[in-house]
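Visitor: I would like to learn how to read a structure like this one, feature by feature. Please show it to me first.

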Amino acid sequence: MVGDRGGQQLPAGVFVHPLGLCESSTVGAGTRVWAFAHVVDGAVIGTDCNVCDGAYVEYGAVVGDRVTIKNQVMIFEGVTVEDEVFLGPGVAFTNDLRPRAAIKRGADALLPTLVRTGATLGARVTVVCGVTIGANAFIGAGAVVVADVPDHAFVVGNPGRVRGWVCSCGERLDDSLRCACGRRYQRSGDGLAATDGLADAGAVPAAATTEA
Ligand SMILES: CC(C)(COP(=O)(O)OP(=O)(O)OC[C@H]1O[C@@H](n2cnc3c(N)ncnc32)[C@H](O)[C@@H]1OP(=O)(O)O)[C@@H](O)C(=O)NCCC(=O)NCCS
Ligand SMILES: [Zn+2]
């Protein structure tokens, strides 16, 4: 069942500000689309997301559940954002590695980008297309991501470089890959994995401690 607002057919349970534009029918319940945000027909957005003022979500973009899309974020075709990702103000994705105004490329020429569950991208992060940003990674404000980012990596700068590791709670890990919140990690592939099965940011460590 859909709602109707001045000709816009809104998916059930979706709030759209009177000055927002949601043309997509594939938006989950509980998602809010605020003023001057534009969700294009064919964009997919999950449940309980926040699409803040001035954001743009294009046809072919896929966004999971409980994602924060702050003001003026640009999400284009070919970009997939998994659940509980935080996209800070002005985050810019790309999908054409070598754009030329005079050359029109088809969708098959676009390079896909994936942002895994729980990652944070700070304000004005730019993501050059074709990369995967790992689960729970933290990209500092203003970074330019030009390569794959491992799970739980802390990345800053232009070009973005891994400078350390972050907990699913958002704090930096010490040299022993422990967090003050009690979570502990170990190397796993290129990134980290929780040793105690508490990688989920919502989980509360049983024995939260700051001891070394
Ligand atoms: C990343 C961040 C959390 C700082 O993390 P931190 O763990 O406190 O980092 P530190 O201050 O210990 O810095 C570690 C190093 O990274 C550098 N650094 C930190 N943030 C940086 C950034 N955004 N860009 C470039 N370098 C940065 C520091 O200068 C420092 O470098 P040094 O070791 O050469 O001195 C913060 O800078 C940031 O970008 N937060 C995101 C804010 C945001 O965009 N919010 C959006 C919602 S409003
Ligand atoms: Zn922590």
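Visitor: How many bridges join strand 20 to strand 22, and do the strands run parallel or antiparallel?

Guide: This is a predicted model, in which local features need pLDDT of at least 70 and side-chain atom pairs count only at pLDDT 80 or more, while totals for chains, interfaces and linings use all residues. Residues are numbered from 1 along each chain as its sequence is written, and chains are lettered from A and ligands numbered from 1 in the order in which they are written. Strands (E, at least two residues) and helices (H or I, at least four) are DSSP runs numbered from the N terminus, and two strands pair if DSSP finds at least two bridges between them. Here two bridges join strand 20 to strand 22, and the strands run parallel. Within strand 22, Val155 is the residue opposite Ile139.

Visitor: In which sense does strand 22 pair with strand 23?

Guide: Antiparallel, over four bridges. Arg161 in strand 23 stands opposite Val156. Four residues lie between the two strands of this hairpin, and Gly157 has a positive phi near 95°. Pro159 is in the loop between strand 22 and strand 23, and the peptide bond joining Asn158 and Pro159 is cis, with omega about -5°.

Visitor: Which residues have the most contacts inside the largest nonpolar core?

Guide: A nonpolar core is a set of buried Ala, Val, Leu, Ile, Met, Phe, Trp, Tyr and Cys residues joined through C-beta atoms within 7 Å. The largest one has 51 residues, and those with the most contacts inside it are Val39, Val51, Val57, Ile75 and Ile139. Elements giving two or more residues to this core include strand 12 (74-75), strand 20 (138-139) and strand 22 (153-156).

Visitor: What does Val57 touch, leaving aside residues up to four places away in sequence?

Guide: Two residues are in contact if their C-beta atoms, placed from the backbone, lie within 7 Å. By that test Val57 touches Val39, Val40, Ala43, Ile45, Val51, Val63 and Ile75, beyond those sequence neighbours. Val57 lies in strand 9 (residues 56-57) and is buried because 29 other C-beta atoms lie within 10 Å.

Visitor: How many helices and strands does the protein chain have?

Guide: Zero helices and 25 strands. Five strands form an open sheet with parallel pairing, in the order 7-10-13-16-19. Its edge strands, each pairing on one side only, are strand 7 (44-45) and strand 19 (132-133).

Terms used:
A residue is buried if 20 or more other C-beta atoms lie within 10 Å of its own, exposed if 12 or fewer, and partly exposed in between; C-beta atoms are placed from the backbone.
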